[in-house]
Amino acid sequence: MLRGRGSTSVLGIINFITFLISIPILGGGIWLASRANSTDCIRFLQWPIIIVGLVLMVISLMGFAGACYRQTWLLRLYLFAMFFVVLALLFFIVFAFAVTDRGDGQVVMNRRFFEYQLSDYSGWLRERVNDPQYWATISACLRDGHACAGMRRFARDPNTGMKVPETPDMFYGRDLSPIQSGCCKPPSSCAFTYMNETYWTQNPGVPTVVTDPDCSRWSNDQQMLCFQCDSCKAGVLAGIKKSWRKVAILNIVVLIILVIVYVAGCAAFRNAKRIENDEPIGMARMTKTQPSRFQL
(Lines give C-alpha, C1' and ligand atoms only; values in the text may rest on other atoms or scores of the structure.)
Protein backbone atom coordinates (compact mmCIF):
# COMPACT_ATOMS: atom_id res chain seq x y z
CA MET A 1 0.00 0.00 0.00
CA LEU A 2 2.82 2.41 0.77
CA ARG A 3 4.37 1.79 -2.62
CA GLY A 4 1.07 2.60 -4.31
CA ARG A 5 0.69 5.80 -2.33
CA GLY A 6 4.29 6.74 -3.12
CA SER A 7 3.78 6.48 -6.88
CA THR A 8 0.60 8.55 -6.81
CA SER A 9 2.23 11.14 -4.55
CA VAL A 10 5.19 11.54 -6.93
CA LEU A 11 2.80 11.89 -9.86
CA GLY A 12 0.81 14.53 -7.98
CA ILE A 13 3.95 16.54 -7.16
CA ILE A 14 5.19 16.40 -10.77
CA ASN A 15 1.86 17.55 -12.16
CA PHE A 16 1.63 20.33 -9.59
CA ILE A 17 5.00 21.65 -10.81
CA THR A 18 3.78 21.35 -14.41
CA PHE A 19 0.68 23.33 -13.45
CA LEU A 20 2.83 26.11 -11.96
CA ILE A 21 4.90 26.24 -15.18
CA SER A 22 1.76 26.56 -17.30
CA ILE A 23 0.60 29.69 -15.43
CA PRO A 24 3.26 32.13 -16.79
CA ILE A 25 2.95 30.58 -20.27
CA LEU A 26 -0.81 31.17 -20.32
CA GLY A 27 -0.39 34.60 -18.74
CA GLY A 28 2.09 35.64 -21.43
CA GLY A 29 -0.32 34.65 -24.19
CA ILE A 30 -3.20 36.54 -22.57
CA TRP A 31 -0.98 39.60 -22.12
CA LEU A 32 -0.11 39.57 -25.83
CA ALA A 33 -3.78 39.19 -26.74
CA SER A 34 -4.78 42.15 -24.55
CA ARG A 35 -2.28 44.58 -26.05
CA ALA A 36 -4.04 47.23 -28.07
CA ASN A 37 -1.11 47.96 -30.38
CA SER A 38 -0.24 44.36 -31.22
CA THR A 39 1.20 43.86 -34.67
CA ASP A 40 0.10 41.06 -36.98
CA CYS A 41 3.06 38.88 -36.09
CA ILE A 42 2.37 39.19 -32.34
CA ARG A 43 -1.28 38.30 -32.90
CA PHE A 44 -0.12 35.35 -34.95
CA LEU A 45 2.08 34.11 -32.10
CA GLN A 46 -0.32 34.63 -29.22
CA TRP A 47 -2.66 31.71 -29.95
CA PRO A 48 -0.03 28.95 -29.95
CA ILE A 49 1.20 30.28 -26.60
CA ILE A 50 -2.32 30.31 -25.15
CA ILE A 51 -3.08 26.82 -26.48
CA VAL A 52 0.15 25.36 -25.07
CA GLY A 53 -0.51 26.97 -21.68
CA LEU A 54 -4.09 25.72 -21.56
CA VAL A 55 -3.16 22.17 -22.58
CA LEU A 56 -0.44 21.95 -19.95
CA MET A 57 -2.72 23.39 -17.29
CA VAL A 58 -5.67 21.07 -18.01
CA ILE A 59 -3.53 17.94 -18.29
CA SER A 60 -1.57 18.73 -15.13
CA LEU A 61 -4.80 19.35 -13.21
CA MET A 62 -6.20 16.01 -14.40
CA GLY A 63 -3.03 14.20 -13.37
CA PHE A 64 -2.88 15.99 -10.02
CA ALA A 65 -6.52 15.33 -9.16
CA GLY A 66 -6.40 11.75 -10.40
CA ALA A 67 -3.26 11.01 -8.39
CA CYS A 68 -4.45 12.64 -5.18
CA TYR A 69 -7.96 11.17 -5.18
CA ARG A 70 -7.00 7.93 -6.99
CA GLN A 71 -9.75 8.33 -9.56
CA THR A 72 -9.16 5.69 -12.20
CA TRP A 73 -11.40 7.31 -14.83
CA LEU A 74 -9.60 10.63 -14.43
CA LEU A 75 -6.20 8.97 -14.61
CA ARG A 76 -7.35 7.05 -17.69
CA LEU A 77 -8.36 10.34 -19.35
CA TYR A 78 -5.08 11.91 -18.23
CA LEU A 79 -3.02 9.10 -19.77
CA PHE A 80 -5.06 9.28 -22.98
CA ALA A 81 -4.43 13.03 -23.33
CA MET A 82 -0.77 12.70 -22.34
CA PHE A 83 -0.27 10.00 -24.98
CA PHE A 84 -1.43 12.33 -27.76
CA VAL A 85 0.64 15.21 -26.38
CA VAL A 86 3.75 13.02 -26.49
CA LEU A 87 2.94 11.96 -30.05
CA ALA A 88 2.33 15.57 -31.15
CA LEU A 89 5.58 16.70 -29.54
CA LEU A 90 7.50 13.88 -31.20
CA PHE A 91 5.94 14.78 -34.57
CA PHE A 92 6.93 18.43 -34.15
CA ILE A 93 10.53 17.52 -33.31
CA VAL A 94 10.86 15.30 -36.39
CA PHE A 95 9.10 17.88 -38.55
CA ALA A 96 11.26 20.76 -37.27
CA PHE A 97 14.51 18.95 -38.05
CA ALA A 98 13.18 17.76 -41.42
CA VAL A 99 12.18 21.18 -42.75
CA THR A 100 15.30 22.93 -41.44
CA ASP A 101 17.87 20.45 -42.76
CA ARG A 102 18.85 22.83 -45.57
CA GLY A 103 19.81 26.47 -45.75
CA ASP A 104 22.90 28.25 -44.48
CA GLY A 105 24.35 31.69 -44.93
CA GLN A 106 26.88 32.14 -47.73
CA VAL A 107 30.29 33.63 -47.08
CA VAL A 108 31.17 36.70 -49.17
CA MET A 109 34.72 37.96 -49.64
CA ASN A 110 35.62 40.98 -47.51
CA ARG A 111 32.34 40.69 -45.61
CA ARG A 112 31.90 39.48 -42.06
CA PHE A 113 28.15 39.01 -42.40
CA PHE A 114 26.53 36.25 -44.45
CA GLU A 115 24.35 36.53 -47.52
CA TYR A 116 21.16 34.47 -47.81
CA GLN A 117 19.46 32.96 -50.87
CA LEU A 118 15.93 31.61 -50.96
CA SER A 119 16.87 28.65 -53.18
CA ASP A 120 19.03 27.21 -50.38
CA TYR A 121 16.04 26.32 -48.22
CA SER A 122 13.66 23.37 -48.27
CA GLY A 123 10.54 23.42 -50.39
CA TRP A 124 7.92 23.57 -47.61
CA LEU A 125 9.37 26.61 -45.88
CA ARG A 126 10.13 28.31 -49.18
CA GLU A 127 6.54 27.85 -50.34
CA ARG A 128 5.21 29.30 -47.10
CA VAL A 129 7.16 32.56 -47.35
CA ASN A 130 6.45 32.79 -51.10
CA ASP A 131 2.73 32.77 -50.41
CA PRO A 132 1.64 36.41 -50.98
CA GLN A 133 -0.74 36.42 -48.02
CA TYR A 134 1.83 35.09 -45.56
CA TRP A 135 4.59 37.31 -46.84
CA ALA A 136 2.36 40.39 -46.69
CA THR A 137 1.84 39.67 -42.98
CA ILE A 138 5.53 39.01 -42.34
CA SER A 139 6.76 42.06 -44.25
CA ALA A 140 4.21 44.27 -42.47
CA CYS A 141 5.49 42.87 -39.18
CA LEU A 142 9.07 43.74 -40.14
CA ARG A 143 8.11 47.30 -41.05
CA ASP A 144 5.92 47.84 -37.98
CA GLY A 145 8.60 46.34 -35.75
CA HIS A 146 11.28 48.64 -37.24
CA ALA A 147 13.55 45.71 -37.99
CA CYS A 148 16.12 47.98 -39.63
CA ALA A 149 15.97 50.85 -37.14
CA GLY A 150 18.99 49.59 -35.20
CA MET A 151 21.24 49.48 -38.26
CA ARG A 152 22.49 53.05 -37.93
CA ARG A 153 25.78 53.44 -36.08
CA PHE A 154 28.28 56.21 -35.62
CA ALA A 155 32.04 56.30 -35.15
CA ARG A 156 34.18 58.99 -33.55
CA ASP A 157 36.41 60.93 -35.93
CA PRO A 158 39.99 60.74 -34.60
CA ASN A 159 40.76 64.23 -35.91
CA THR A 160 37.75 66.19 -34.73
CA GLY A 161 36.48 63.87 -32.01
CA MET A 162 32.94 64.20 -33.33
CA LYS A 163 30.62 61.33 -34.14
CA VAL A 164 30.30 60.59 -37.86
CA PRO A 165 28.54 57.79 -39.77
CA GLU A 166 30.58 54.62 -39.96
CA THR A 167 32.67 53.98 -43.06
CA PRO A 168 31.93 51.20 -45.57
CA ASP A 169 34.82 49.11 -44.21
CA MET A 170 33.38 49.39 -40.72
CA PHE A 171 29.96 48.33 -41.97
CA TYR A 172 31.37 45.37 -43.90
CA GLY A 173 33.07 44.20 -40.71
CA ARG A 174 29.82 44.05 -38.74
CA ASP A 175 28.09 40.82 -37.72
CA LEU A 176 24.57 41.41 -39.06
CA SER A 177 21.56 39.28 -38.20
CA PRO A 178 19.93 37.30 -41.04
CA ILE A 179 17.04 39.79 -41.27
CA GLN A 180 19.37 42.79 -41.26
CA SER A 181 21.52 41.23 -43.96
CA GLY A 182 18.64 40.10 -46.16
CA CYS A 183 16.04 42.86 -45.65
CA CYS A 184 17.84 46.06 -44.67
CA LYS A 185 20.48 46.26 -47.42
CA PRO A 186 20.78 45.12 -51.05
CA PRO A 187 22.61 41.85 -51.79
CA SER A 188 26.37 42.17 -52.13
CA SER A 189 26.11 40.81 -55.68
CA CYS A 190 24.42 44.09 -56.72
CA ALA A 191 27.68 45.98 -56.03
CA PHE A 192 25.77 49.07 -54.93
CA THR A 193 27.70 52.02 -53.51
CA TYR A 194 27.41 52.36 -49.74
CA MET A 195 26.08 55.70 -48.52
CA ASN A 196 24.86 54.55 -45.11
CA GLU A 197 23.48 51.36 -43.62
CA THR A 198 20.08 51.62 -45.35
CA TYR A 199 20.85 53.94 -48.26
CA TRP A 200 22.71 52.64 -51.30
CA THR A 201 23.21 53.96 -54.83
CA GLN A 202 23.43 51.89 -57.97
CA ASN A 203 26.76 51.48 -59.73
CA PRO A 204 26.15 52.15 -63.45
CA GLY A 205 28.97 49.81 -64.48
CA VAL A 206 27.34 46.67 -63.04
CA PRO A 207 24.45 44.89 -64.85
CA THR A 208 22.34 44.51 -61.71
CA VAL A 209 19.23 43.16 -63.42
CA VAL A 210 21.18 40.25 -64.88
CA THR A 211 23.18 39.62 -61.70
CA ASP A 212 20.37 39.34 -59.18
CA PRO A 213 16.63 40.19 -59.53
CA ASP A 214 16.70 41.53 -55.97
CA CYS A 215 18.81 44.43 -57.17
CA SER A 216 15.81 45.91 -58.99
CA ARG A 217 13.60 45.33 -55.95
CA TRP A 218 15.78 47.37 -53.61
CA SER A 219 14.44 50.79 -52.71
CA ASN A 220 15.98 53.58 -50.65
CA ASP A 221 12.49 54.28 -49.32
CA GLN A 222 12.83 53.39 -45.65
CA GLN A 223 9.38 51.78 -45.70
CA MET A 224 10.36 49.53 -48.61
CA LEU A 225 14.11 48.75 -48.51
CA CYS A 226 14.44 45.08 -49.51
CA PHE A 227 11.28 43.79 -47.83
CA GLN A 228 10.08 42.35 -51.17
CA CYS A 229 13.42 40.71 -51.98
CA ASP A 230 14.05 36.98 -52.03
CA SER A 231 17.07 37.67 -49.83
CA CYS A 232 14.72 39.08 -47.18
CA LYS A 233 12.59 35.93 -47.33
CA ALA A 234 15.75 33.86 -47.00
CA GLY A 235 16.85 35.95 -44.02
CA VAL A 236 13.51 35.33 -42.32
CA LEU A 237 13.87 31.59 -43.00
CA ALA A 238 17.38 31.66 -41.53
CA GLY A 239 15.98 33.17 -38.34
CA ILE A 240 13.14 30.62 -38.30
CA LYS A 241 15.60 27.78 -38.77
CA LYS A 242 17.73 28.97 -35.86
CA SER A 243 14.69 29.39 -33.61
CA TRP A 244 13.11 26.07 -34.58
CA ARG A 245 16.34 24.20 -33.94
CA LYS A 246 16.54 25.70 -30.44
CA VAL A 247 12.87 24.93 -29.76
CA ALA A 248 13.30 21.39 -31.10
CA ILE A 249 16.24 20.75 -28.77
CA LEU A 250 14.24 22.13 -25.85
CA ASN A 251 11.29 19.95 -26.85
CA ILE A 252 13.52 16.88 -26.74
CA VAL A 253 14.16 17.61 -23.07
CA VAL A 254 10.45 18.23 -22.50
CA LEU A 255 9.62 14.98 -24.32
CA ILE A 256 11.92 12.99 -22.05
CA ILE A 257 10.26 14.55 -18.98
CA LEU A 258 6.78 13.83 -20.35
CA VAL A 259 7.67 10.20 -21.03
CA ILE A 260 8.84 9.85 -17.42
CA VAL A 261 5.62 11.48 -16.22
CA TYR A 262 3.61 9.17 -18.49
CA VAL A 263 5.32 6.09 -17.06
CA ALA A 264 4.65 7.36 -13.54
CA GLY A 265 1.03 7.96 -14.53
CA CYS A 266 0.69 4.39 -15.79
CA ALA A 267 2.01 3.10 -12.47
CA ALA A 268 -0.35 5.35 -10.53
CA PHE A 269 -3.27 4.21 -12.69
CA ARG A 270 -2.54 0.54 -12.00
CA ASN A 271 -2.24 1.18 -8.28
CA ALA A 272 -5.43 3.22 -8.17
CA LYS A 273 -7.27 0.47 -10.02
CA ARG A 274 -6.00 -2.13 -7.56
CA ILE A 275 -7.12 -0.01 -4.62
CA GLU A 276 -10.51 0.48 -6.24
CA ASN A 277 -10.87 -3.29 -6.67
CA ASP A 278 -9.49 -4.03 -3.18
CA GLU A 279 -6.56 -5.88 -4.69
CA PRO A 280 -3.27 -6.18 -2.78
CA ILE A 281 -0.38 -4.01 -3.89
CA GLY A 282 2.60 -6.03 -5.02
CA MET A 283 2.99 -9.79 -5.19
CA ALA A 284 2.32 -11.90 -2.15
CA ARG A 285 4.44 -15.01 -2.19
CA MET A 286 3.39 -18.02 -0.10
CA THR A 287 5.64 -20.99 0.41
CA LYS A 288 4.70 -24.33 1.79
CA THR A 289 6.93 -25.37 4.61
CA GLN A 290 8.02 -28.96 4.86
CA PRO A 291 7.60 -30.60 8.27
CA SER A 292 10.84 -31.31 9.99
CA ARG A 293 11.82 -34.90 10.49
CA PHE A 294 13.08 -34.13 13.90
CA GLN A 295 10.42 -33.24 16.38
CA LEU A 296 11.43 -31.72 19.66
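Where is glutamate 197 found? Glutamate 197 lies in the loop between E5 and E6.

This is a predicted model, in which local features need pLDDT of at least 70 and side-chain atom pairs count only at pLDDT 80 or more, while totals for chains, interfaces and linings use all residues. Residues are numbered from 1 along each chain as its sequence is written, and side-chain values use heavy atoms, with hydrogens and water left out.

Strands E5 (residues 193-196) and E6 (residues 199-201) run antiparallel and are joined by 3 bridges; strands are DSSP runs of E with at least two residues, helices are runs of H or I with at least four, and both are numbered from the N terminus. Pairing requires at least two DSSP bridges between two strands. The two strands form a hairpin with 2 residues between them, and tyrosine 194 has tryptophan 200 in E6 as its bridge partner.

The side chain of glutamate 197 has a polar atom 3.2 Å from the backbone nitrogen of arginine 153. Leaving aside residues up to four places away in sequence, glutamate 197 touches Met151, Arg152, Arg153, Glu166, Phe171, Arg174, Cys184 and Lys185, contact being heavy atoms within 4.5 Å.

Definitions and conventions:
A polar contact is a pair of N or O atoms within 3.5 Å; within protein, one must be able to donate a hydrogen and the other to accept it, and residues adjacent in sequence count only if both atoms are side-chain atoms.
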